[in-house]
Amino acid sequence: MLDSEFFPRFKWAVPRAFSEAIADCYFIQGDTLYDTQLAYSRWDIALQHLKYSVQIVDPSKKNVNSSSFYKNWFSQVRLVFYKYANSQIISKYFIDTTQGRVFSMLWKGDLEILHNDTPEPQPPLFIQNAKYFLKEFEFIFKDRIKNQNVKFVMPYDSTNDLAKEKDFKIKSALKKEFNFETIEMSPEEAETKICKVFQFSPTISFKCYSIYADKIANIELAIKKALYKNQNSKDRFDIKRHGVLIAPNLGQHHEK
């Protein structure tokens with residue numbers, strides 16, 4: 001597997017095939033994860049590099065009534081923890097823990113997080129929270145992308161189907177009319193002060209579409225066409241529900 005097929009901000013190797021499990025914070029029986037991407041190469045080669053792996057044994061299936069990330073964070077899970085050395089398993093034992101502890105261990109790589117005698121990790125902020133920090137990222141993108149383009153900034157989550165669909169629609173609409181580039185930045189890459197106070201999920205980023213255009217109104221119309229089904233209405237669409245539109249050379253985002 002290629003590096004791009006893994007979530008980049010997890011210490012352990014978490015393939016994008018686990019997108020739903022990460023989005024819901026809900027791992028089920030049979031889910032197996034390793035501490036190195038090399039585990040997905042030939043097994044004899046993988047064993048030379050593996051140190052740890054976990055395999056979920058309970059819950060046996062997803063509870064369709066528990067779709068909330070934050071609710072699932074504290075739900076119970078049982079796993080088998082494997083330790084390797086000299087190309088073989090040297091220890092194997094069961095751990096009763098929580099889904100949030102599994103998520104946190106995969107994310108930060110701290111094995112002690114799995115054990116209930118350590119402080120309970122707090123769930124991170126997700127895309128529904130990220131929109132409240134758009135103002136700060138508006139200034140960051142304006143400072144780092146020094147051109148005369150119109151910029152549209154929005155929060156993004158690579159495990160969120162709605163966010164991925166929105167990104168696809170915006171790019172498709174912009175391609176028809178404009179030259180543009182997309183710049184993506186994680187909260188940590190932005191080196192913003194909010195990361196000292198809040199923890200964002202490792203799947204969260206902020207996307208900036210830097211668009212060459214004469215009129216900011218043309219960009220807003222293109223984004224409206226991409227995201228708003230009721231094209232006959234002139235009143236209900238509010239671009240600020242999706243992100244911030246930044247005019248070139250203006251120290252403020254676009255207001256209607």
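Ser 87 counts as partly exposed because its relative accessibility is 35%, where partly exposed denotes the range between buried (under 20% relative accessible area) and exposed (over 50%), computed with a 1.4 Å probe on protein chains only. The structure is a predicted model, in which local features need pLDDT of at least 70, side-chain atom pairs count only at pLDDT 80 or more, and totals for chains, interfaces and linings use all residues. Residues are numbered from 1 along each chain as its sequence is written, and side-chain values use heavy atoms, with hydrogens and water left out.

Ser 87 is placed in the loop between E3 and E4, and its phi is positive, near 65 degrees, although the residue is not glycine. Strands (E, at least two residues) and helices (H or I, at least four) are DSSP runs numbered from the N terminus. Asn 86 lies in the loop between strand E3 (76-85) and strand E4 (88-98). Asn 86 also has a positive phi, near 55 degrees, and is likewise a residue other than glycine. With 73% relative accessibility, Asn 86 counts as exposed.

## A cis peptide bond

Most residues other than glycine have a negative phi, and most peptide bonds are trans. The bond from Asp 58 to Pro 59 is cis, its omega being near 10 degrees. Pro 59 belongs to the loop between strand E2 (52-58) and helix H3 (69-73).

## Aromatic pairs

Rings of Phe, Tyr and Trp (its six-membered ring) pair if their centres lie within 6.5 Å; planes under 30 degrees apart count as stacked, over 60 as edge-to-face and the rest as tilted. The count by this rule is 19 aromatic pairs. One of them joins Phe 6 and Tyr 40 edge-to-face, at 5.4 Å centre to centre and 65 degrees between the planes. This pair links distant parts of the chain, 34 residues apart: Phe 6 is in the segment before helix H1 (19-24), and Tyr 40 is in the loop between strand E1 (32-34) and helix H2 (43-46). Phe 6 is buried, with a relative accessible area of 1%, whereas Tyr 40 is partly exposed at 25%.

The pair of Tyr 34 and Trp 43 is edge-to-face because the ring centres are 5.9 Å apart and the planes stand at 65 degrees. Tyr 34 counts as buried at 15% relative accessibility, while Trp 43 is partly exposed at 40%. Ring pairs also link Phe 7, Phe 10, Phe 69, Tyr 70, Trp 73, Phe 103, Trp 107 and Phe 126 into a cluster.
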